[in-house]
Amino acid sequence: MTLQLLKFNPGIVKDITEYSAGKNGPYWVDGSNIRFRNGYPTKIGGWVKDTMYGVLPDGNADYSTEAKLIGMARNLNFWRSLSDGEDYMAIGTHNHLFILENEALFDITPLRASATNINADPFAAVSGSTTVTVTDTAHGASDGDFVRFKEATATGGISADTLNRYYGYQLTYINANSYSIEVPTAATSTASGGGSGVDADYLIGLADNLGTQTSAAALGWGSGGWGIGTWGTPRSSTTSTVVMENSQWSLSLWGEDLIATVRNGGIYYWDTSTGVGSRAVLVSSLGGASGVPTENRVSTVSFPDRHLVCGGTTPLGGSDIDPMLVRWSDQEDFKNWTPSATNTAGDQRLEIGTKIVAMIPTRDETFISTDEAVYGMSFVGPPFTFAFRLVGTNCGAIGKNTLMNVDGDVYWMGKKNFFMYNGAVNEMPCSVKYFVFDRMQNDFADKSFAAHNKEFNEVSWFYVSTANTNTTGNPEPDSYVTYNYENAAWSFGSIDRTCWFDSFGFRTKPFAYDSDGCLYEHESGTDADGAALNAHVESSPLEMTGSGDSLMLVDKIIPDATITGTLDVTIETQKYPNSTAVTKGPFTISQNSTKVSMRARGRQMSVKLQSDAIGDSWSLGDFRVNVRQDGLR
């Protein structure tokens, strides 16, 4: 009896042939929902739903009603207030800004306008219909914007609480003086009503660059290269090279308060001390504000000097955005952006690229990515305040949220590569690069985002893949690729998430939102919120003899694994790299399994391990197989 060790290097290799992966490693060649810990494959942890609750029309939490986000979550921040000891989570969706406090979801989306005592009896209901027509002269809203009513009375059998719903309604534009909304319960009679004292709060929307879920190609006359398309006609989505971006938020903390910037829009401030009953307001509306940029692509707070920094912004006194301009406020004063001899406000225009894509503070500088290059922005003090240095070209980030700072090192996803910055820019060797970028839907690349899981030394990137079956034109990230920076190992899988935040404070596990607006705590249990979390890993073909010149017989598997539940083992053998594999199994093993008897012949052998039941969890060790020389039959 000859026992052969089945030992594979950590990480999945997809960008060469499976046989080559066996000869050069050997490596694992496929997998899903696994990670590498201490060099060995392990099923990832599960997740459980973290219930959020709604809010009543009077602004008090309603712990009897579960709530979901309105819109797709794009960014998160989490902190504990120093003044009241409360924990707050800020969530920026493509059309709202929320605060989660004590499990209740409060809407702090800034207001575009507030109308007091709109038209008398502004609501028109039709019996049996959930559509309500609203009259408000010169309302100024765009199709898809949101409105919240106050002081409305019941109309056509629709209750006052329904009309005054805390989260309001998304409206459908009819004309400059009216629009419609959809209420959850149908009217029982045809009537007009609501009273003479109805107030309407209009949230910022499309006019303020909030409300676009998915970027779209600009199809107007003249977009794209010369000679593309037909004269006088809009461009097709397949030829346009100009993209109208989706709505995003930059969320930064200023002490215990929140700075929230809409991409290509304004900078807003939420004062924690005013409570969750207040909304975020424009920084330019605050007392002492001076020269605040009106439109900005991204913002962050520099560390440790504390300047509010905006990238891709309007110049002082200007109204048109300069996508390559960096501006910063006075130190310790996010309201003052007008440079003077007595403050440190200023600006700097970057040169390489067409727009600033992303910014992130690191240990001793602010890291800035344009679409073509990356810069380091370091605080040097008066008279220049900041020094800028170009640290890399042809390495711009693919999306606003694809940078991740890990203890001063920055990891990010580029357009066709992964990069790391630790004082110098390095392209990361990636064994699944072509697998990831070939299946990424580039039209939705800007929805990609980075996620850190410090417990397992992992940085992941979620993205929209070609496996996404959403046909509405608004697909959300469904796949991820993970880099373990301790083992330098890559893995991947499929999970529906739109943004992520690592464990922090009382949240001892990472948490993330899905495309349905539900919040999940990750690394909790073994299952996908009560359903089985399928996981598998598959090895490259391994020569059963050193040269691979003899046919061998495999008749026994000796497992080595820590298993909760069961694990299925499948063996495949081949006579030649391109020949049809012979499959044996699956054989089900548990923690108490000592061996599996089977018979398979070939020159190369690969192994696949898979679990698909509730409660399954496993971590592999070193499997062995019993082999002996055999001949043709």
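**View 1. Trp618 sits in strand E55, which spans residues 617–620.** Strands here are DSSP runs of at least two residues, labelled E and numbered from the N terminus. A friendly note before going further: this is a predicted model, in which local features need pLDDT of at least 70 and side-chain atom pairs count only at pLDDT 80 or more, while totals for chains, interfaces and linings use all residues. Residues are numbered from 1 along each chain as its sequence is written, and side-chain values use heavy atoms, leaving out hydrogens and water. With a relative accessible area of 2%, Trp618 is buried; buried means under 20% relative accessible area, exposed over 50% and partly exposed in between, with a 1.4 Å probe and protein chains only.

**View 2. The surroundings of Trp618 include Ile34, Pro41, Ala535 and Ser611.** These residues are among its contacts once neighbours within four places in sequence are set aside, a contact being heavy atoms within 4.5 Å.

**View 3. Leu620 belongs to the largest nonpolar core, a set of 53 residues.** Such a core joins buried Ala, Val, Leu, Ile, Met, Phe, Trp, Tyr and Cys residues through side-chain atoms within 4.5 Å. Leu620 is one of the residues with the most contacts inside this core, as are Trp28 and Leu609. Beyond four places in sequence, Leu620 touches Trp28, Tyr40, Val537 and Leu609, among others. A second, separate core of 38 residues includes Leu69, Ala73, Phe106 and Trp249.

**View 4. Arg263 and Glu245 form a salt bridge at 3.9 Å, N to O.** The pair links distant parts of the chain, 18 residues apart: Arg263 lies in the loop between strands E25 and E26, and Glu245 in the loop between strands E23 and E24. A salt bridge puts a side-chain nitrogen of Lys or Arg within 4 Å of a carboxyl oxygen of Asp or Glu. Arg263 is buried, at 2% relative accessible area. Both residues join Arg297, Lys355 and Asp446 in a network of salt bridges.

**View 5. Lys415 and Glu372 meet in a salt bridge, with their closest N and O atoms 3.1 Å apart.** Lys415 is partly exposed at 40% relative accessibility, and Glu372 is partly exposed at 31%.

Technical notes:
Helix = DSSP H or I, 4+ residues; strand = E, 2+ residues; numbered from the N terminus.
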